[in-house]
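Here are my notes on the model, point by point. Have the structure open while you read.

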Amino acid sequence: MAEAVSCPVPPEQRPLEEFQQLSTSWFFSWPVGDEPFLTKSLAISWIMVLPVCLLVASGSWALKQDPPRLIVAGAVSALVLPLFLLMRQWLGWTYVMKRLLSESVDYEESGWYDGQTWEKPLSWREQDLLVARHEVRPILGRLGRAMATAAGLMLVGASLCQAL
């Protein structure tokens, strides 16, 4: 507890606190639980943008004459939003992983102009390493698989659109 008192890093900028904030955040908590919740959330975002993508794709004269290609083109273009959401989550969780694995903490006392660096004590490093390995790494694995699946679906859909 003495280490927590002597820590100059503001509480909201400590790596474990940043991990807790992401874990409880509405958006960043999608991959924290099991994969069905992440899949469900991404499917909902895909379904929400699908009508707009179909409407935009229907503006093409060539696609308007070919309904199967129109549907596939709209479905493939609607995958862009879930892929962007996944990339944003990947960036956030990768940032926290980097902060947890670092031996020092970069922080700001009152603004961007007064950045400082504080060396983590050994007990903090051990705790942060455990959280990074057993909490954040599985989350990044789920996000990586989801991004690979979305990219694969885009490639298969684009190939199917060309084949039709």
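1. Buried here means under 20% relative accessible area, exposed means over 50%, and partly exposed is in between (1.4 Å probe, protein chains only). Helices (H or I, at least four residues) and strands (E, at least two) are DSSP runs, numbered from the N terminus.

2. Where this comes from. This is a predicted model, in which local features need pLDDT of at least 70 and side-chain atom pairs count only at pLDDT 80 or more, while totals for chains, interfaces and linings use all residues. Residues are numbered from 1 along each chain as its sequence is written, and side-chain values use heavy atoms, with hydrogens and water left out.

3. Start with helix α2, residues 15-24. Its buried residues are Pro15, Glu18, Phe19, Leu22 and Ser23. Looking down the axis of α2, these buried residues fall within an arc of 135°, so they line one face of the helix; the arc is that of the directions from the helix axis to the C-beta atoms. As background, an α-helix has 3.6 residues a turn, so residues three or four places apart point the same way. The cover over the buried residues of α2 includes α6 (80-101), β1 (104-108) and α7 (122-163).

4. Now the salt bridges, where a side-chain nitrogen of Lys or Arg sits within 4 Å of a carboxyl oxygen of Asp or Glu. How many does the structure hold? There are three salt bridges. One of them joins arginine 99 and glutamate 18, with the closest N and O atoms 2.9 Å apart. Arginine 99 belongs to helix α6 and glutamate 18 to helix α2, so this pair ties together parts that are 81 residues apart in sequence. Arginine 99 is buried at 9% relative accessibility, and glutamate 18 is buried at 11%.

5. Another salt bridge pairs aspartate 128 with lysine 120, the closest N and O atoms being 2.7 Å apart.

6. Glutamate 119 is partly exposed at 48% relative accessibility, and arginine 125 is partly exposed at 28%.

7. Have a look at glutamine 13, in the loop between α1 (2-6) and α2. Glutamine 13 is buried, with a relative accessible area of 18%. Leaving aside neighbours within four places in sequence, glutamine 13 is in contact (heavy atoms within 4.5 Å) with Glu18, Arg99, Val105, Tyr107 and Glu108. Glu18 and Arg99 in that list are the salt-bridge partners from point 4. The side chain of glutamine 13 also reaches the backbone nitrogen of glutamate 108 at 2.8 Å. That is a polar contact: a pair of N or O atoms within 3.5 Å where, within protein, one must be able to donate a hydrogen and the other to accept it, and residues adjacent in sequence count only if both atoms are side-chain atoms.

8. At 0% relative accessibility, glutamine 89 is buried. What does glutamine 89 touch, not counting residues up to four places away in sequence? The answer is Phe27, Phe28, Trp30, Pro31, Leu38 and Leu143. A polar atom of the glutamine 89 side chain lies 2.7 Å from the backbone oxygen of phenylalanine 27.

9. Then move to arginine 142 in helix α7. Arginine 142 is buried, with a relative accessible area of 14%. Again not counting residues up to four places away in sequence, arginine 142 touches Pro31, Val32, Gly33, Glu35 and Leu38. Pro31 and Leu38 are also on the contact list of glutamine 89.

10. Last, the outside. Valine 56, in helix α3 (residues 35-57), is exposed at 62% relative accessibility. Valine 56 and leucine 70 are 14 residues apart along the chain, and their C-alpha atoms are separated by 9.8 Å. Back in helix α6, valine 80 is partly exposed at 32% relative accessibility.
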